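Please look over the model shown below before reading on.

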Amino acid sequence: MTQLAGRTAFVTGGANGVGLGLARALLAEGCKVAIADVREDSIEAALKLLENQHVMGVPLDVASRESFAQAADRVEAELGPVSLLFNNAGVNLFQTIDDSSYDDWDWLLGVNLHGVINGVTTFVPRMKERGLGGHVCNTASMAAFLCNGAPGIYNTTKFAVRGLSESLRYSLAAHGIGVSMLCPGLVKSQIYASDAIRPEALKAGAKEVNTEFVSNLEKLHQAGMEPEVIAARTLEAIQENRFYIFSHPEFQDELAEVFDEVLADFREYPEDPGLADRLQIEAGRRASYKKAREAANAL
């Protein structure tokens, strides 16, 4: 179990939506919190809401390694060593892969995947060196499990975050650092307006924004789960050292259905040459994987 009180937390995408909900919940637990966001006006608004608490705002483009390192130095100089990392920032393009450009790929991969990579690569070595334990929580999505034609690139990034997070959980267990992956469904957030923060350098391959579609998405997201509810469920899971954080229970039956379809695609084949040797190798891998899961779950 990770004790939260007294720790310093770094939350990307922290000025609105789930990130702001996490900041509030962490402050209520007695943490010092840095909210990092690319929207400086949103940071100012968030700080006004969170005034008179141990919180600071940091402008940050999570796709920038250099900016991440500078933000880390600034936060730790003011709030102390970060031992709770929430890689939460994310953007979306509601379109299919075959209808997307290289600029579309570079933008979403830069924020949704490289933003997580940059957060991990910036903070985790510091956390390991200090030996104070801690926790890393990466925000994925139910889109890390459930696909459709759109949003194709978003699905790709979230599947990647899923693999990154599980692997990281096993490697950090030996250092007393837990790892979780948050998989929310529909959230009351501003992700529908992602185009508003798209970098100028990556707009050449962008399609014209469909304002009517965006307006409809805004209405849809108003029915999303409140960020404070997601934040409470997230911190509960972290304190229980759970890896998967499924904040939206309504997906359980659908996920079981998809897993059943996956298993149904296995086939019984005649024994092929080399099977016995392969099974011996796989038995060792399987035992190693089980041991890693047990060690990570025992934190």
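1. The second largest pocket holds about 270 Å³ of space, where a pocket is an open set of points on a 1 Å grid over the protein atoms alone at which a 1.4 Å probe fits, with protein on both sides within 12 Å along at least five of seven lines. A volume here is the space filled by probe spheres set on the points, which are joined across faces, edges and corners. The model is a predicted one, in which local features need pLDDT of at least 70 and side-chain atom pairs count only at pLDDT 80 or more, whereas totals for chains, interfaces and linings use all residues. Residues are numbered from 1 along each chain as its sequence is written, and side-chain values use heavy atoms, with hydrogens and water left out.

2. Around the second largest pocket there are 18 lining residues, those with an atom within 4 Å of a point, and L93, Q95, D195, N210 and F213 lie nearest its centre. By class, the lining has nine nonpolar, four polar and five charged residues, with Ala, Val, Leu, Ile, Met, Phe, Trp, Tyr, Cys and Pro counted as nonpolar, Asp, Glu, Lys and Arg as charged, and the others, Gly among them, as polar. Helix α6 (residues 211–221) gives the largest share of this lining, three residues; helices (H or I, at least four residues) and strands (E, at least two) are DSSP runs numbered from the N terminus.

3. Strand β4 (residues 82–87) has six of its six residues buried, that is, under 20% relative accessible area with a 1.4 Å probe and protein chains only. Four bridges pair β4 with strand β1 (residues 8–12) in the parallel sense, and F86 is the bridge partner of V11. Four bridges also join β4 to strand β5 (residues 134–139), again in parallel, with L84 opposite H135.

4. Which residues does I153 contact, leaving aside its neighbours within four places in sequence? They are I97, S100, D104, W105 and L108, contact meaning heavy atoms within 4.5 Å. I153 belongs to helix α5 (residues 152–172), and it counts as buried because its relative accessibility is 2%.

How values were computed:
Buried means under 20% relative accessible area, exposed over 50%, partly exposed in between (1.4 Å probe, protein chains only). Two strands pair if DSSP finds at least two bridges between them.
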